[in-house]
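Please read the report below alongside the sequence and the structure, taking the strands, the charged pairs and the surface in turn.

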Amino acid sequence: MTDRIFAAGAPSVVPAAVGDTVECDLAIVGAGVGGATLAWALRDSGARILVVEQGDFLPRERENWSPQAVHREGRYKNSAYWIDDGDGKEFQPGNYHYVGGSSKLFGATMPRFREFDFETVELADGTSPAWPIRYAELEPYYCRAEELYWVHGDGDDPTEPPRSAPFPFPAVPHDPAIAKVAKRLARQGLRPYALPQSLDWRAGGRCVLCGTCDSYACMVDAKGDADVCAMRPALESDNVKLMTNAAVARIATDGSAVTGLEVVRGGARVTVKAARYALAAGAVNSAALLLRSAPDGVANRSGQVGRNYMGHVTSFIIGSRPGRDLRIDYEKTLGLNEWYSATADNPYPLGNVQSLGKLYGETIKAARPWAPLGLLSAICRRSVDFLAQSEDLPLPENRVTVDAAGRIHLRWSPTGVAGHKELVSRTARALRRAGFPFVFTQSLGIVATSHQCGTARMGEDPADSVVDPTGRTHDLANLWITDSSVFPSCAAVNPALTIAALSLRAAERGGLV
Ligand SMILES: Cc1cc2nc3c(=O)[nH]c(=O)nc-3n(C[C@H](O)[C@H](O)[C@H](O)COP(=O)(O)OP(=O)(O)OC[C@H]3O[C@@H](n4cnc5c(N)ncnc54)[C@H](O)[C@@H]3O)c2cc1C
């Protein structure tokens, strides 16, 4: 029986009981930044759009802002375990299945990639490839994505690319303690800048600049995530419907086009039939779904599906000092791109440094269970906390595969590790000189999958890429991919704004409706 989910007056979230077949014009897999932004962009196109999302809305509850619940109890972690092919051990990635995807928990730092990130860049361990589209092509979509996601900034980053419009909202002010750090870094000749943050810190906005933003869900919907900024506004259109708790198990094709999605919803199986399909399940899950769907993978004539996995090479850097508590709440406002490009002082780019959301004793206790919570909390009350991230190269052997049971395996040997260590050590030195004598660092490794990308790369040549420059797969005329799978390189800044800009561009230029 075919269900009429688009009938007049039908609810925007598809009820649990539907017929065994659902029909629409465009089916989107995944309600994260990639999928929700696409649905939002096409909401008034006249096409009947169904977003199929494995997760549900993240519950609004007091635990949203509890470091104990979030970090020690892992309350919102809901990904299946993946297998690290390096050591054969299972791990639960920081990959989230909710309406809004991982952006429900993200740190809301939404930078553009730098202009030269789209070009060939020489890194210490090899060449970072050029994209088939250049920065100028994406620039108008970056502007729209910044509007959509309430991005605040002031353009004082020395590596800021050219922009055709100013940031839509002024930079979020530094906490007084962070302002002091910025001054002390500047006195060393460094050029700290205001991180571009996507928050409802607009006039009359809901954001209270609390200390539980990065890695927490926002209880007052004040974080510019894909649920709040894109999916819910898209659902205001009668032409957009959302099916939650619905996992796409297989993409069926006739060899030249997708013929349907096989969806598991509770105990039931539903077939979704559409004229066109967009896959936006996140770089690892999109690749896994393509690989599970046919013996050699769907859209995989090139053999590149699942390959070229990139995560940033990342470390936490915590600078602490004795004395009074710093009383920092919202910490994530300070960036440092001093060593982002090659200079006389560093022949290869080293990466980006940005403040983290405030760390608490409970956050660190999850990784250091043997350390007394009281001691960790005392350190964190006197600390400023940073993330250092360096570019990783797309290597064919760094890849996602699925085994006979359908479980995801990840093989990843990071590149550029020596440069990353240099970045960490320069940052640590700067923090000591800024008055934080105790500097602790922790590299994050394979479990830090949050900036995953590259597993279905974009290119002109069907022999060595999966999608064309508009995001359409080379092999299947009615299948697009609109998440970070398509990134040919990962730059060294956060990916979400680039995912959103690519979705906006695909909506306008891709032929999806
Ligand atoms: C703690 C944390 C902090 C972060 N901080 C930042 C930051 O400050 N700035 C930044 O730019 N990025 C940040 N990121 C990364 C950012 O959140 C992601 O890059 C971005 O959200 C990815 O969006 P996506 O749509 O590509 O994928 P996802 O967010 O993974 O969305 C994919 C969606 O598809 C669904 N799905 C998967 N498989 C299926 C299936 N088979 N059937 C149906 N649905 C499926 C998933 O449930 C999910 O909702 C952070 C991530 C984390 C975890």
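Predicted model: local features only at pLDDT ≥ 70, side-chain atom pairs only at ≥ 80, totals over all residues.

Strand S17, which covers residues 352-355, and strand S18, which covers residues 383-390, run antiparallel and are joined by four bridges. Strand S16, made of residues 334-336, also runs antiparallel to S17, and two bridges join these strands; Leu336 has Val353 in S17 as its bridge partner.

Which way do the residues of strand S17 point, and are they buried or exposed? Asn352 and Gln354 point one way, while Val353 and Ser355 point the other way, and all of them are buried.

These strands belong to an open sheet of six strands, whose order is S9-S16-S17-S18-S15-S21 and whose pairing is antiparallel. Strand S9 (193-194) and strand S21 (438-443) stand at the edges of this sheet, and because each has a single partner strand, one side of each is left without a neighbour in the sheet.

The report now turns to charged side chains. Side chains of opposite charge can pair when their charged atoms come close.

| Salt bridge | N to O distance |
|---|---|
| Asp44 and Arg43 | 3.9 Å |
| Lys104 and Asp227 | 2.9 Å |
| Asp227 and Arg232 | 2.8 Å |

In the pair formed by Asp44 and Arg43, Asp44 counts as exposed because its relative accessibility is 63%, a value over the cut-off of 50%. Arg43 has a relative accessibility of 23% and therefore counts as partly exposed.

Why does the salt bridge between Lys104 and Asp227 tie together parts that are apart in sequence? Lys104 lies in the loop between strand S5 (90-91) and strand S6 (121-123), whereas Asp227 lies in helix H5 (residues 226-235), so the pair ties together parts that are 123 residues apart in sequence. Lys104 is buried, with a relative accessible area of 4%, and Asp227 also counts as buried, at 2% relative accessibility.

Asp227 takes part in a further salt bridge, since its side chain also meets that of Arg232, and Arg232, at 32% relative accessibility, counts as partly exposed. Elsewhere, salt bridges that share partners join Arg112, Arg114, Glu139, Glu146, Asp157, Glu160 and Arg163 into one network.

Finally, which residues gather in a patch of positive charge on the surface? The patch brings together Lys180, Lys183, Arg184, Arg187 and Arg324. Lys180, one of these residues, is found in helix H4, which spans residues 176-187, and at 52% relative accessibility Lys180 counts as exposed.

Technical notes. Residues numbered from 1 in each chain as written. Heavy atoms only, no water. Patch = residues over 30% accessible without salt bridge, like charges linked within 9 Å, V, L, I, M, F, W, Y side chains within 5 Å. Areas by Shrake-Rupley, 256 points an atom, 1.4 Å probe, with all protein chains shown as cover. Salt bridge = Lys/Arg side-chain N within 4 Å of Asp/Glu carboxyl O. Lys, Arg positive; Asp, Glu negative; His and termini not counted. Charge placed at Lys NZ, Arg CZ, Asp CG, Glu CD. Buried < 20%, exposed > 50% of the residue type's maximum accessible area, 1.4 Å probe, protein only. Pairing = 2+ DSSP bridges.
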